[in-house]
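Open the model and keep the sequence beside it.

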Amino acid sequence: MANNIDIVTVLKELYNISGFRVSLHGADFAEIAAFPPGISSFCSLVQKDKQIRERCLRCDSDAYFQAKKTGKPFIYRCDFGLCEAVAPLYHFGILSGYLMMGQVRCEESNDRLRLIAMASEYVKDKAALERAVDALPVYEQKKIAGYVNIMTICAEYITLSGKLSPPSKDFSSQIRKYINANYNKKITLDGLCKRFKCSKSTLMNTFKKECFQTVVEYINDVRLTNAVKMLEGKEDSINDIAVACGFCDQCYFSKIFSKRFGMTPSKYRATYIEKSREKRKRG
């Protein structure tokens, strides 16, 4: 694989080979990317119940800890009988995340009936449940083990290529530097996660811990600082200033500006002009 292959392409190729849903997770277990993006129809049906979703997440968490403990891929069955596997990712010996494959059936004579029986208590639409079970890829144990070996190779590639790494000591300063240079463009949390190869929770928690404010608050601070400079130094329209500073529209800009300064951008400009005139008169 060439070093310029992105994460989603790696996951997609692994999915095309195996038929497993493949997902990349940070060290905090939060999902960073996946292919296919959505979970299987079977998982969607059973996870409509919030308690079941939490139960599924706990099951996955137990698997992450097992993989972390051994440092090797871990194959297991989820609480509803699906075959899953997770492999740890390391960056210079430091755990940086996990690669996960799952949501497939094992090829056993009673596996279909067992899955239906386990989920029927939580899914009222029996016909939909049967269709969802029948839509799951089916593999024999030997083949599943073979695909996990391929997943391990992909995990090693992700590790060696540095496509996923734990936050560096200057992680937050890198984010601030990027925002400072690109505040006039569209910046999203998902986009930052992709750029800095981290999960959303890692991004938000690390940034807030080190900068004492959220990423969104910092973005707005930078944009408002530049908006004030433009209001004081240029005659651009309020809408043009909003767009030039990266705000999605004038209404949102005015709302954020008023909350910060206690007045609208127009009022701020008028007040600044008036104070400047008075200062010139006194001078």
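A helix axis here is a line fitted to C-alpha atoms over the stretch in contact, and the angle between two axes runs from 0 to 180 degrees between their N-to-C directions. Keep in mind that this is a predicted model.

Start with helix 10, residues 215-233, and helix 13, residues 265-282. Their axes come within 9 Å and cross at roughly 50°. The crossing of helix 10 and helix 13 is right-handed. Which residues make the contact? Helix 10 supplies Val228, Met230, Leu231 and Glu232. Helix 13 supplies Pro265, Tyr268, Arg269 and Tyr272. Sort the residues of this contact by class and you get six nonpolar, no polar and two charged.

Now find helix 7, residues 171-182, and helix 8, residues 189-196. Their axes come within 12 Å and cross at roughly 120°. Helix 7 is therefore oblique to helix 8. The crossing of helix 7 and helix 8 is right-handed. From helix 7, look for Phe171, Gln174, Ile175 and Tyr178. They meet Leu192, Arg195 and Phe196 in helix 8. By class, this contact of helix 7 with helix 8 holds five nonpolar residues, one polar and one charged.

Leave the helices and turn to the strands. Strand 1 covers residues 21-26. Is strand 1 largely enclosed or largely open? Six of its six residues are buried, so strand 1 is largely enclosed by the rest of the structure. Buried means under 20% relative accessible area. Check both faces of strand 1. On one side sit Arg21, Ser23 and His25, and on the other Val22, Leu24 and Gly26. These residues are all buried, and both faces are covered.

What does strand 1 pair with? One partner is strand 5, residues 94-106. The two strands pair in the antiparallel sense over six bridges. His25 has Tyr98 as its bridge partner in strand 5. Ser23 stands opposite Met100 in strand 5.

Strand 1 also pairs with strand 2, residues 31-35. This pairing is antiparallel too, over four bridges. Here the bridge partner of Leu24 is Ala33 in strand 2. Strand 1 and strand 2 form a hairpin with four residues between the strands. In that hairpin, Phe29 takes a positive phi near 80°.

Stay with strand 2 for a moment. Glu31 lies in this strand. Glu31 is partly exposed, with a relative accessible area of 41%. Setting aside residues up to four places away in sequence, Glu31 touches Arg21, Ser23, Leu24, His25 and Pro37. Glu31 and Lys48 are 17 residues apart in sequence and 19 Å apart in space, C-alpha to C-alpha.

Now follow strand 5. Twelve of the 13 residues of strand 5 are buried, so this strand is largely enclosed by the rest of the structure. Strand 5 is also joined to strand 6, residues 138-139, by two bridges. Strand 5 and strand 6 run parallel. Look for Cys106, which stands opposite Tyr139 in strand 6.

Last, the backbone. Most residues other than glycine have a negative phi, and most peptide bonds are trans. Some places in this model depart from that pattern. Gln103 is not a glycine, but it has a positive phi of about 65°. Gln103 sits in strand 5. At 13% relative accessibility, Gln103 counts as buried.

Phe212 is another case, with a positive phi near 60°. Where does Phe212 lie? It is in the loop between helix 9, residues 200-211, and helix 10. At 73% relative accessibility, Phe212 counts as exposed.

Finish at a peptide bond. The bond joining Phe35 and Pro36 is cis, with omega about -5°. Pro36 belongs to the loop between strand 2 and helix 2, residues 41-46.

Technical notes. Residues are numbered from 1 along each chain as its sequence is written. This is a predicted model: local features need pLDDT of at least 70, side-chain atom pairs count only at pLDDT 80 or more; totals for chains, interfaces and linings use all residues. Side-chain values use heavy atoms; hydrogens and water are left out. Angles under 35 degrees count as roughly parallel, over 145 as roughly antiparallel, 65 to 115 as roughly perpendicular and the rest as oblique. A crossing is left-handed if the near helix is turned anticlockwise from the far one by less than a right angle, and right-handed if clockwise. Contact means heavy atoms within 4.5 Å. Ala, Val, Leu, Ile, Met, Phe, Trp, Tyr, Cys and Pro count as nonpolar, Asp, Glu, Lys and Arg as charged, and the others, Gly among them, as polar. Buried means under 20% relative accessible area, exposed over 50%, partly exposed in between (1.4 Å probe, protein chains only). Two strands pair if DSSP finds at least two bridges between them.
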